[in-house]
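Student: Hi! Could you walk me through this structure while I have it open on my screen?
Tutor: Happy to. Let's take a look together.

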Amino acid sequence: MNRPLNAAPPSSQAPSTTMETIEARNARFDEISWELASRRLQVDEYWRALDEQFPDPQEQQAFLTYSLHLSLPHVANPSGVLTSARFVEMADSISFINEAERKELLPGLEWALRPWIPLGHDKTTLYRLLPAIHNLTPQQSGKFPSTDHEILDTAFLGVNTTVQPREPSLPLNRRALNLSEQSTQSAESDDIEAPGFVFHELGVLESLECDAADQMPTTFEQGVDCEGDWEPTGFCVVARLGHTGHMDGVYIIYNMNPLQENSLERKQVTHAAWGIPPSSPGEQFSCARIGSSLRDFCFGHQLVWTEQVRHPVELVWAVRSPMGGAMRGTVFTGRPPAMDDLLAACEDLAANVAAPDTAAAAADQGSHVSRSDQALWKILFGFSSDEAAEAIRNWRADFTRQTISQAAWLLAKEAKMAEGYNKEAYEYSLWRARTAQKPLSHNHNTAQGDGAKYLIKLECGSSPSTEAVDLMRFLPKKPNILNGIDDDGNTTRFCILSSSQKITFLNALSNAHPSFQPTLIRTSIASKDLSATSSHPTLGVDATLPQFRPDNSSSFSPRPAQDEYPVWYFFYGTLADAGVLSRVVVGPGDEKAAADICYKRARVRRGRLTCLGEKYLALVDADEGSVVDGWAYQVKDRAEEDSLRVYETGMYEVVRCTVEVMGEKEGVVHGLTFRLAKGI
């Protein structure tokens, strides 16, 4: 009988009769068990209370037997106990979504007497799976997803590998620079190929460390002899689920919010030593693949951690999909995206007002600025002592000043402190740089206005007052035509024009049709100008330098070419989200499109991520030793590419890069990516 913990205890005075049915007796026993448990009795008090409840020794024995069978069901039903071999056979074959099939596996996951499965060894450490469920929990465990679909038991969860929770924040080299800290939109999708997956928990990963390889157990009997030496690793073993609910790989996920010993409370992991396998102290990851199915494992199996995700990942609720499978159901706050920016601004303002070094605090100290701060600002900014003191006072008095988050400062701290900056001085330097660049940026844009792009709507309308004009006659010889859908769902066409092409177009159009006004939309689109004779532009490469020039320019054919399709693109930010990418290349409202998005885990070299506007991150050039992790996606045609370029805006430019594809089919491909445009 299941009751909430805060429910009032039921009466324990139900009468017993000789005609009492088994069901009624069990219900009465449940009520008595609840009443006794709620009193939190000591052992001797418990037995006295039991004697009061059951003066008849036979009935007391029946109650104890019933309680024992509830806590130890294998005693009442020994035939239901699963052997290790049977557990492996069932887990590899059942559909976890099918309740009838899953129920057959539950004794191996929930009963006190459960089998364990050897997973193999790494060096002199043996690993095993100890079956159990409900060890992992959704990141937002207190919020149910906003969904019309059935929310599944928390043995089913989803993992979002492109979302990085705020904690653990250490170590810094395991923080990805380009990921959000929490999903803020509903991401329901049968997204098997998207970054992340849905899984069913199988249990915990335990390890047995031995002094030498020949001392490791090779049989279950030897493993049982070492029972007291098996140690938890912090990892849980899960079955990744395919569309039908069958196992599609065995993974391990580090439990970042474990239950505390002798407690029902969970505690968030904040230390830096998470995700380190006992046998591989040089490795650290939150999620990794260890096999395809449980039948792959045995005592002699060499365990390998593949498809590693090296930053913390987000766990979310799972829901039943319309097709009968499982899909991720991300918590949706219902807050419009613009509200996040407003709240962030309010938080910055509140932080500045509450800061201990505000103008009010300084006033309490006679507007004192320490000599060390004055000396630092004199060196960094070329001030005199009086100018430095005045600048610091004015800076601290400005409650609207823009600051950087503590997380962003930690990422830049080592390099900036080596240059003499503290956090306050670094924030001031960013403000000075922006202030100095504003007039220059305005003049630069005026002089280089040809970088602007315009969309010309080619359909003129059908109303009697609208003049029928064939706009195609006034376009360039090879117009760049885009197809789209208007607000009424009708297909429409646009042509992309540069600023100079727009002027030529309007001059020609006005001469032929002086009264006609075309629909013009100024847009910002990422530039793409790939050289056919050199590697320019390439991420992290200056094609003018001798070492990057082709040996024989006549036979050199750089790839990808300007109009080569399909072409691989490397994504490192929002476009690594299948929901975002499908909306960009297909349009909103097509759930199947998100499911069809196929990513491959990848990385590029000669690039690094930098802050853009204190909030966004962008890819810029770096040396060969710099690596950025992300995802590869194959763009099918020019229409898809043009949509991506419009999405990224003129702040970025398309450049060549070498994409290292990771996973089962590793390799290197010639691809493209979006780099922060020069001069931004």
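**Charged pairs, helices and rings**

Tutor: Let's start at lysine 423, which is partly exposed, with a relative accessible area of 22%. Keep in mind that this is a predicted model.

Student: Okay, which side chain does lysine 423 meet in a salt bridge?
Tutor: That would be glutamate 427, with 2.6 Å from N to O. Both residues belong to helix α13 (residues 423–447), where they sit four residues apart, about one turn of the helix.

Student: And glutamate 427, is that one buried or exposed?
Tutor: Glutamate 427 is buried, at a relative accessible area of 5%.

Student: How many salt bridges does the count come to?
Tutor: The count is 22 salt bridges. As a general point, side chains of opposite charge can pair when their charged atoms come close.

Student: Can you show me another one? What does glutamate 390 pair with?
Tutor: Glutamate 390 forms a salt bridge with arginine 393, and their closest N and O atoms are 3.5 Å apart. Because the two are three residues apart in helix α11 (residues 385–397), about one helical turn separates them.

Student: How accessible are glutamate 390 and arginine 393?
Tutor: Glutamate 390 is partly exposed, with a relative accessible area of 39%. Arginine 393 is partly exposed too, with a value of 30%.

Student: What about glutamate 624, which side chain does it meet in a salt bridge?
Tutor: Glutamate 624 meets arginine 606, at 3.5 Å from N to O. Glutamate 624 lies in the loop between β19 (616–621) and β20 (627–635), while arginine 606 lies in the loop between β17 (600–605) and β18 (607–612), so this pair ties together parts that are 18 residues apart in sequence.

Student: Switching to helix packing. At what angle do α5 and α6 cross?
Tutor: Helix α5 (residues 84–93) and helix α6 (residues 99–110) cross at roughly 145 degrees, and their axes come within 10 Å. The crossing is left-handed.

Student: Which residues make the contact?
Tutor: From α5 there are Phe87, Met90 and Ala91, and from α6 there are Glu101, Glu104, Leu105, Gly108 and Leu109. Sorted by class, that contact has five nonpolar, one polar and two charged residues.

Student: How many residues of helix α15 are buried?
Tutor: Six of the eight residues of α15 (residues 578–585) are buried, so this helix is largely enclosed by the rest of the structure. The buried ones are Ala578, Val580, Leu581, Ser582, Val584 and Val585.

Student: Now rings, please. How many aromatic pairs does the structure hold?
Tutor: It holds 27 aromatic pairs. Take phenylalanine 571 and tyrosine 633: their ring centres are 6.2 Å apart and their planes are at 25 degrees, so the pair is stacked.

Student: Where do phenylalanine 571 and tyrosine 633 lie?
Tutor: Phenylalanine 571 is in strand β16 (residues 567–571) and tyrosine 633 is in strand β20, so the pair ties together parts that are 62 residues apart in sequence. Phenylalanine 571 is buried, with a relative accessible area of 2%, and tyrosine 633 is buried at 3%.

Student: And what kind of pair do tyrosine 599 and tyrosine 633 form?
Tutor: That aromatic pair is tilted, with 6.3 Å from centre to centre and 55 degrees between the planes. Tyrosine 599 lies in the loop between α16 (591–596) and β17, with tyrosine 633 in strand β20, so this pair ties together parts that are 34 residues apart in sequence. Tyrosine 599 counts as buried, at 5% relative accessibility.

Student: Which residues form one aromatic cluster?
Tutor: Trp377, Phe381, Phe383, Trp395, Tyr421, Tyr426 and Tyr428 do.

Student: Last one: where does aspartate 373 lie, and what is it in contact with?
Tutor: Aspartate 373 lies in helix α10 (residues 371–381) and counts as buried, at 17% relative accessibility. Leaving aside neighbours within four places in sequence, aspartate 373 is in contact with Ile392, Arg396 and Asn422. The C-alpha atoms of aspartate 373 and alanine 425 are separated by 8.9 Å, with the two residues 52 residues apart along the chain.

Note on methods: Residues numbered from 1 in each chain as written. Predicted model: local features only at pLDDT ≥ 70, side-chain atom pairs only at ≥ 80, totals over all residues. Heavy atoms only, no water. Salt bridge = Lys/Arg side-chain N within 4 Å of Asp/Glu carboxyl O. Buried < 20%, exposed > 50% of the residue type's maximum accessible area, 1.4 Å probe, protein only. Axes fitted to C-alpha atoms, helices over the stretch in contact; angles between N-to-C directions. Left-handed = near helix turned anticlockwise from the far one by under 90°. Contact = heavy atoms within 4.5 Å. Nonpolar A, V, L, I, M, F, W, Y, C, P; charged D, E, K, R; others polar. Phe/Tyr/Trp six-rings, centres within 6.5 Å; stacked < 30°, edge-to-face > 60°.
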